[in-house]
Amino acid sequence: MKKFLKHIITFIFAAFIALQLVSFLSLYFLRKSHFYKPQYVANTLRDVQLDYVVLGSSTGLTTLNTEQIDNETGLKGFNISIDDTSLGTHYLMLQHFIKNGGSARSLVLVVSPGDLANGDPSISGNDYRFLPYAHKRYVNSHFVDLPSKEAAILKVSKYMPFVGVSYYNAELFYPSLKAAIEPTTRNRFDKKGNYVYPTNGKALEKTKPTKELSLTITNPYFEKIKALCDTNQIKLVVYQPPIYGSKVLGDTGLLPFVNHSDLITDPLLFYDRIHVNRKGRVAASRAFALQLKNL
Amino acid sequence: MLFNSLEFLIFLPLCFILYWFVVNRSLKLQNVFILVASYVFYGWWDYRFLSLIALSTVVDYFIGDLLSKQDSTSSRKRLLLASLFVNLGVLGFFKYYNFFVDSWIKAWSELGIEMQGSTLNIILPVGISFYTFQTLSYTIDIYRKKLEPSNSLVNFAAYVAFFPQLVAGPIERATNLLPQFSRKRNFTFEQGKSGLYLIIWGLFKKVVIADNCAFFVNQIFNNHTAYSAGELWIGALLFAFQIYGDFSGYSDIAIGTARLFGFDLMTNFKFPYFSKNIGDFWRRWHISLSTWFRDYVYIPLGGSKGSVWKQVRNVCIIFIVSGFWHGANWTFIVWGAFHALLFIPLLLIKRNRSDVNTTRISLLDVGRIFITFVLVTIGWIYFRADSLTIANEYIMSLVGSDLFEARLFIKTNKNLLLFAISLFSILCMLLFEIRAYVKARAEVQLNMLSGVFILLCIFLMGAFKDPSQFIYFQF
């Protein structure tokens, strides 16, 4: 038994060291790359003075084209949105942006009524993209705050990165191999942080009557974002992107609120009900650029 | 509790420590501990069905006891029938009731007669087919006077519910496993080490091969009409490796776990995809089930004795019953019949016992292995498809003109990655298996270095976010 226990301990130790080493290297190469948005933000926006940043989920990523807005306003902006995320991750991204030397005069927070009304937020699908920074306090405390298996996995990855790298092996380990070879490769976003849906999405039904959605803010992360903006003297602008066949009613108190929920009614400008396509993005960005000048 | 779950990762070392360091002073205590651990293991999934295991245990224990005391043939027959009635009755109700009601109604409706009948919303208890066959082997062997009844209910209950192999086998014979509960178990380094590495090897086959293949297999089989002939072929081939990785992976973990507790379970898979013909395949695939059917059904029917017609009949019965054992669906019956059709020519030319225990592979053998594998893979389509219509359509589509189209596997980066992982892991497994096969080993043997490599593969290639249940749990 003694021999077996010695053998098993040696085996576990050898496997542990090998896994930790591979995981450290994997996260290191990712951290040094431009692959995911958090890495791109950390590696390219340090000490860059921006006029505005767009922060949101997939709607933020695909509705406001910062390149077009910059051309139309003469301002300098960047899109720090990540798809498949919610206000919790937006708060984390804002902290990440600031802690890594980013600065902006305004933050355009792209919201959705469902996310704002979610009083019990949970981890988002793409939070693992912050794993290369799991050792940073603001990242780790984000995972500590959330109750889920995935959050627990990301939390323990601070000390045992192999746990997170293994669980998200397709999303972290293999991209890190690519990042090691081509560190400037970006994963589905352009140099200004934008992504666009094609114009050949599914056609939406035309006959739907306009649905009214009310805006209720109960998500605790909204207040946290607001407080962080106040602390860093960033002007917070809330932006509601177009939703096909819907109109959002309500306001955000004293905060500037650009409500473009019913801006676009042509179904050909949508990729699906909540995402505009390439043509829709042009229309939405133009309308927003006009408003941004006056804010 | 699943072998590839976090719960089991805690459960196994905890049981190991308690078993060897706390309850090791008494054999009886160790057996009680195994029994409790086994019930916890099973109850983790659904504690309500523990009553079925307990019922089967108590009934067979007392019938076994009574059988040993009876000399009259008719009384012994009655007792055996009682055991068969209870065990197969429970199995029949939970597994086959709805199938028979459905088939009955459909058969009459084909004749234009509408029959009334209602199916029940029955949950199939995990592993019922496995432990039912295990307890049956006990009473049948006592009836045949090949086994003395157990004199301890605890030992017998622990034998029936032994957690490593409770839910998906190997289906252990009472003659092999039950006596091990009466013997003092000593831990040996070699046994523990081989158990540990077998668990790791089994996990690799399940988490890396089976679960990654499942990603494509599920897509293709759920909507086969949307895919080209090339994609359907690859889908069928991936399923062949998925089911092998899934089921043999489970068996490896079960055997490895049992070894950690000082038990020796039978080999259940012996590199079946290196089989040179169908007869060889069935000596290597799910050995515990095929030998069970051989000993308790095929031989009592006359086996390979008697006229050619009788031999053919027996082969058909054994394969069809074996197919039906897997599930209450015509697809399994046709799968069994398909294998019978492949086996009968070998029987007729008296080649069904050829290639036993050979480890040499000549160039001709490579061709035979390939043909056998392709035939087995076509059979798996019936096994995997939801209905006979789907299976037939699938097979017909395999000969489409778009044989060299396989866009699904390169459609997205994720697909390409998972396909590459599937191919790499299959290749890796085959290389390890070829090495073991030519060395005439019964299983793949890992050492410290290869063990660490396989563990790295598990962590870096395993499908942890989308784990699928063990396929054989449903049987």
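**Figure 1. The two domains of chain B in the predicted model.** The C-alpha centres of domain 1 of chain B and domain 2 of chain B are 29 Å apart. In the domain assignment, domain 1 of chain B spans 6–185, while domain 2 of chain B is made of 191–276 + 358–474. Where the two domains touch, domain 1 of chain B provides 15 residues and domain 2 of chain B provides 17 residues. On the side of domain 1 of chain B that touches domain 2 of chain B, two or more residues each come from helix 1 (6–22) and helix 7 (174–182) of chain B. Helix 1 of chain B gives the largest share of that side, with 3 residues. Sorted by class, this side of domain 1 of chain B holds 9 nonpolar, 4 polar and 2 charged residues.

**Figure 2. Helix 8 and helix 17 of chain B.** Helix 8 (residues 189–222) of chain B packs with helix 17 (residues 448–461) of chain B at an angle of about 30°, and their axes are 9 Å apart. Angles under 35 degrees count as roughly parallel, and helix 8 of chain B and helix 17 of chain B are therefore roughly parallel to each other. Their crossing is left-handed. From helix 8 of chain B, the contact draws on Y197(B), I200(B), W201(B), L203(B), F204(B), V207(B) and V208(B). From helix 17 of chain B, the partners are G451(B), I454(B), L455(B), C457(B), I458(B) and M461(B). The contact between helix 8 of chain B and helix 17 of chain B has 12 nonpolar residues and 1 polar residue, with no charged residues.

**Figure 3. Helix 3 and helix 5 of chain B.** The axes of helix 3 (residues 50–69) of chain B and helix 5 (residues 128–143) of chain B come within 9 Å, crossing at roughly 5°. Helix 3 of chain B and helix 5 of chain B are therefore roughly parallel to each other. The residues of helix 3 of chain B in this contact are L52(B), I53(B), S56(B), D60(B), I63(B), G64(B), L67(B) and S68(B). Helix 5 of chain B brings I128(B), Y131(B), T132(B), T135(B), Y138(B), T139(B), I142(B) and Y143(B). By class, the contact of helix 3 of chain B with helix 5 of chain B comprises 9 nonpolar, 6 polar and 1 charged residues.

**Figure 4. The overall build of chain B.** Chain B contains 17 helices and 0 strands. Along the principal axes, the C-alpha atoms of chain B fill a box of roughly 70 × 65 × 45 Å. For 475 residues, a compact globule would have a radius of gyration near 23 Å, and the 23 Å of chain B agrees with this.

**Figure 5. Helix 7 and helix 8 of chain A.** Helix 7 (residues 137–145) of chain A and helix 8 (residues 149–156) of chain A have axes that come within 8 Å and cross at roughly 150°. This angle makes helix 7 of chain A roughly antiparallel to helix 8 of chain A. Helix 7 of chain A passes helix 8 of chain A in a left-handed crossing. In this contact, N140(A), F143(A) and V144(A) of helix 7 of chain A meet A151(A), L154(A) and K155(A) of helix 8 of chain A. The residues of the contact of helix 7 of chain A with helix 8 of chain A fall into 4 nonpolar, 1 polar and 1 charged.

**Figure 6. The overall build of chain A.** Chain A has 12 helices together with 7 strands. Taken along the principal axes, the box filled by the C-alpha atoms of chain A is roughly 75 × 40 × 40 Å. A compact globule with 295 residues would have a radius of gyration near 19 Å, and the value for chain A, 21 Å, agrees.

**Figure 7. The contact of chain A with chain B.** In this view, 18 residues of chain A are in contact with 19 residues of chain B. The elements of chain A that give two or more residues to the side touching chain B are helix 1 (2–31), helix 9 (161–167) and helix 10 (169–181). Helix 1 of chain A supplies the largest share of that side, 10 residues. By class, the side of chain A that touches chain B includes 14 nonpolar, 3 polar and 1 charged residues.

How values were computed
Residues are numbered from 1 along each chain as its sequence is written. Chains are lettered from A and ligands numbered from 1 in the order in which they are written. This is a predicted model: local features need pLDDT of at least 70, side-chain atom pairs count only at pLDDT 80 or more; totals for chains, interfaces and linings use all residues. Two residues are in contact if their C-beta atoms, placed from the backbone, lie within 7 Å. Helices (H or I, at least four residues) and strands (E, at least two) are DSSP runs, numbered from the N terminus. Ala, Val, Leu, Ile, Met, Phe, Trp, Tyr, Cys and Pro count as nonpolar, Asp, Glu, Lys and Arg as charged, and the others, Gly among them, as polar. Domain bounds come from an automatic or database domain assignment. Axes are lines fitted to C-alpha atoms, for helices over the stretch in contact, and angles run from 0 to 180 degrees between N-to-C directions. Angles under 35 degrees count as roughly parallel, over 145 as roughly antiparallel, 65 to 115 as roughly perpendicular and the rest as oblique. A crossing is left-handed if the near helix is turned anticlockwise from the far one by less than a right angle, and right-handed if clockwise. The radius of gyration is taken over C-alpha atoms; the globule rule is 2.2 Å times the number of residues to the power 0.38.
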